[in-house]
Amino acid sequence: MFEDTTRMKKAKKYRSWKPLSATDLISLMYPCLFIYWILGFFPYKLEDSRFVLSKARFAFTAFMMILYVISLLMVIYATNFDTVTNNAQLITYANLYIFLDGIVIVGMYMYTGKRLIVLQSLFNVTSILTPRDFDELARFVHAKDIFGFFYLIAHLPNCFKDSTCLTLQNFSRLYIILANFYTDMFYVNCVLTLKLCFKKIDVCLLKLKISPRCDDLRIQKPVYHRQKNPLLLMKLKEFEEKHLDISDVVELLNNTFIVRIIIMTVSTFTVVTFNLYFHILFINGTDYYNMYFWYWQYISPASFYMINFSLIIWACETATRQAQKIKTTLYDVFSDTTDPATKREVQLFSLQVLHRNNIFSAKTIDVNAGLLLRIIGGIFMYIMILFQLLLGSKACKKIT
């Protein structure tokens, strides 16, 4: 009887997740975390709303990492000493790709514990959100995670080449892209969830102007909006504390993903520039050996990396704007108040919003639209230079 009850509980837990629907952070992140576990980057299991280390999963992730390191060393050797092409540009590009997106995976494995801390901290601050809030966000989050997986897995048959060494290289590259993509999606999901938390605080502050109660934000103490009422100050202070907790998670997220953001920026510039250059050469009649797994060899990786980078920029840009919007909302809601204590608390809250500006960044690199424009400008500049050199070399050949 007890065994049947345990099975029913386990079955109910696994049935709680539905595609394009979520009721909490775990169900929202489930597709990303599940694929992350398959790739060997999440050796934890959920117990009583907390993630704990699983010995079986840890052994699996350790095995996957050892297997990956061995295959990566083989790819490095094959790229530089046993390559199927003697083209210097292709060899340079392959080495840059391996040392940027390839080796960073080993570093990402070392940050598994920190990602767990980010997830647990995010789980704590999302207590202010309702199941409806998660459900609205789940449609976009699940769609991009599932679609991205099937899009990349669809290239699996193209990994097989005539050479065994080349086939191994393609499988390693596909694993590298999957691991980096879902690290980026984990980051995007965290940013979008934080954006939703900031939006929740902003909406509840606006409701203070319309209605004395904000039932959507699940705070234990009921507060009524009456001028010179200390309960209003308690309400405002609780919003302030929630904002401070969310800001701490933003800082923790920035510190955890600093290496990945820098590598992703450099890697996006490298992959897009080289592949557009190879595509220009292909249009002009210079065809390189098809050694990669992409079906559309040059445009597909360039488009994938640029779309992925743009998605991260969009998430960080909109989340930053939503966080900064709270200061304007504070003044709109409490501009007419005459209570000195309320005015002072609003000023303290505004100073907190100002000092904790909640910009998603990697130290000196702010992840915003300006970074995207600089990357696009740099890519076009280098492509124009390479294109002019190509035209110049063709003109010299005609003269000779």
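Predicted model: local features only at pLDDT ≥ 70, side-chain atom pairs only at ≥ 80, totals over all residues.
Local features were taken at pLDDT of at least 70 and side-chain atom pairs only at pLDDT 80 or more, whereas totals for chains, interfaces and linings use all residues. Residues are numbered from 1 along each chain as its sequence is written, and side-chain values use heavy atoms, with hydrogens and water left out.

Two packed helices are described by the angle between their axes and the distance between the axes. Here helices are DSSP runs of H or I of at least four residues, numbered from the N terminus, and axes are lines fitted to C-alpha atoms over the stretch in contact, with angles running from 0 to 180 degrees between N-to-C directions.

Helix α4 (residues 88-102) packs with helix α10 (residues 258-283) at an angle of about 160°, the axes lying 10 Å apart. This angle makes α4 roughly antiparallel to α10, a term applied to angles over 145 degrees. The crossing is left-handed, that is, the near helix is turned anticlockwise from the far one by less than a right angle. In the contact (heavy atoms within 4.5 Å), residues of α4 including Y93, L96, Y97 and L100 meet residues of α10 including I263, V266, V271 and F274. By class, this contact has 11 nonpolar, 5 polar and 2 charged residues, where Ala, Val, Leu, Ile, Met, Phe, Trp, Tyr, Cys and Pro count as nonpolar, Asp, Glu, Lys and Arg as charged, and the others, Gly among them, as polar.

Helix α6 (residues 112-125) and helix α9 (residues 230-256) pack at about 165°, with their axes 10 Å apart, which makes α6 roughly antiparallel to α9. Their crossing is left-handed, and the contact of α6 with α9 has 8 nonpolar, 2 polar and 3 charged residues.

The axes of helix α7 (residues 131-153) and helix α11 (residues 299-334) come within 13 Å and cross at roughly 165°, so that α7 is roughly antiparallel to α11. F140, K144, Y151 and L152 of α7 make the contact with S300, F304, L311 and W314 of α11, and these residues divide into 6 nonpolar, 1 polar and 1 charged. A kink of about 25° in α11 is centred on K327, the bend at a residue being the angle between axes fitted to the seven residues ending there and the seven starting there.

Key
Helix = DSSP H or I, 4+ residues; strand = E, 2+ residues; numbered from the N terminus. Parallel < 35°, antiparallel > 145°, perpendicular 65-115°, else oblique.
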